[in-house]
Amino acid sequence: MNNDLEMRHLTDHTLVVTGASSGIGAAAARRFRQLGATVAVVGRSPGRTAAVAAEIGADPHLVDFSRLDDVRRLADELLARYPRIDVLANNAGGLFFSRKTTPDGHEMTFQVNYLAPFLLTNLLLDRLAEAPQGARVINTVSAFYRKGRLDLDDLDRTRGRYSTMQAYYSAKLATVIFTLELSRRMHGSNVVASAFHPGIVASDIYRDKAIIRILAASPLGKIMQSTPEQGAEPLLYLATTPDPATVDGAFFHRSSRAELENAQAGDPDLAARLYQRSAELAGLLSASRE
Ligand SMILES: NC(=O)c1ccc[n+]([C@@H]2O[C@H](COP(=O)([O-])OP(=O)(O)OC[C@H]3O[C@@H](n4cnc5c(N)ncnc54)[C@H](OP(=O)(O)O)[C@@H]3O)[C@@H](O)[C@H]2O)c1
């Protein structure tokens with residue numbers, strides 16, 4: 001893509017990037033700033049978030065997705081700070097190598113990778129819909145959504161043997177389904193939604209598992225992984241491609257648009273029910289927040 005076009009495209013734009021304190025999100029935030037955008041650098045670690053924000057001349061915003069109240073506080077902070085939001089990049093996520101429960105009572109992988117971004121998106125949706133040139137919600141998922149399996153009656157995975165990887169695959173599947181449902185719901189509005197798999201990327205994603213972290217950092221491990229900058233390329237493309245309609249409801253596997261390969265991902269009835277259930281779990285259907 002021509003950099004001059006990108007530069008024109010992002011000047012005056014505001015992009016909110018979650019998980020911007022590390023890896024793919026930090027690489028994307030740097031690039032968006034180079035392209036002239038105002039970037040909200042959202043991270044969990046105060047030190048890492050402040051460092052990325054200071055490096056690129058942007059504002060840091062802290063949040064812990066394991067606490068839904070903190071997501072609501074972040075949304076209020078972003079709405080107060082940015083009169084215009086053009087892009088919401090829901091990129092924060094992670095793997096947890098044992099079953100953990102959040103203070104909200106949800107399985108950690110499900111909440112951090114899916115439910116918290118679902119809530120943040122909904123809380124920012126009205127502001128996104130006002131973006132003068134249209135807005136984009138871009139979700140970082142994983143190709144492993146293919147192996148995910150959702151049970152709407154057990155989204156917190158309390159039944160059967162707990163599997164870290166199955167929890168991760170299914171949280172990413174939920175995010176793919178959410179992306180498509182959001183695209184359908186916002187049809188005819190200013191807001192489009194897309195999702196992408198960044199590739200296998202050398203980042204801090206294995207921070208909770210020393211052995212995988214060591215293997216990933218080995219010379220062979222590095223050869224097999226992309227850089228965070230390469231992982232961020234689909235996000236750059238989805239955020240800057242001139243006609244947003246061309247990427248509405250799209251799933252990108254790295255740089256290419258791909259067909260979905262999980263029957264649940266293409267089920268609009270399941271998507272509508274997941275949206276409703278998620279809104280209940282996130283407290284979006286309870287009394288309005290005054
Ligand atoms: N790396 C890969 O091979 C790969 C492959 C497919 C998909 N992905 C997806 O790519 C996205 C970015 O991951 P990455 O590879 O760049 O990993 P990373 O370097 O570990 O970055 C993860 C980001 O998510 C943030 N985060 C984690 N838990 C959080 C929480 N509870 N609340 C708020 N923020 C939280 C981290 O914040 P702090 O650093 O401030 O704690 C960090 O900024 C994730 O959604 C991941 O699932 C990665």
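Modeller: Helices α2 (23-34) and α3 (46-56) each supply at least two residues of the shell around the ligand. Helices here are DSSP runs (H or I, at least four residues), numbered from the N terminus. This is a predicted model: local features need pLDDT of at least 70, side-chain atom pairs count only at pLDDT 80 or more, and totals for chains, interfaces and linings use all residues. Residues are numbered from 1 along each chain as its sequence is written.

The largest share of the shell, three residues, comes from α2. In total, 30 residues surround the ligand. The closest are Gly-19, Gly-23, Ser-45, Gly-93 and Ser-203. By type, the shell holds nine nonpolar, 16 polar and five charged residues. Ala, Val, Leu, Ile, Met, Phe, Trp, Tyr, Cys and Pro count as nonpolar; Asp, Glu, Lys and Arg as charged; the others, Gly among them, as polar.

Now the packing. Helix α6 (residues 164-185) meets helix α10 (residues 268-281) at about 100 degrees, with axes 9 Å apart. Axes are lines fitted to C-alpha atoms over the stretch in contact, and angles run from 0 to 180 degrees between N-to-C directions. α6 and α10 are therefore roughly perpendicular (65 to 115 degrees). On α6, the contact uses Ala-174, Ile-177, Phe-178, Leu-180 and Glu-181. On α10, Leu-270, Ala-271, Ala-272, Leu-274 and Tyr-275 take part. Contact means C-beta atoms, placed from the backbone, within 7 Å. The α6 and α10 contact has nine nonpolar residues, no polar and one charged.

Key
A residue is near a molecule or strand if its C-beta atom, placed from the backbone, lies within 6 Å of it. Angles under 35 degrees count as roughly parallel, over 145 as roughly antiparallel, 65 to 115 as roughly perpendicular and the rest as oblique. Two residues are in contact if their C-beta atoms, placed from the backbone, lie within 7 Å.
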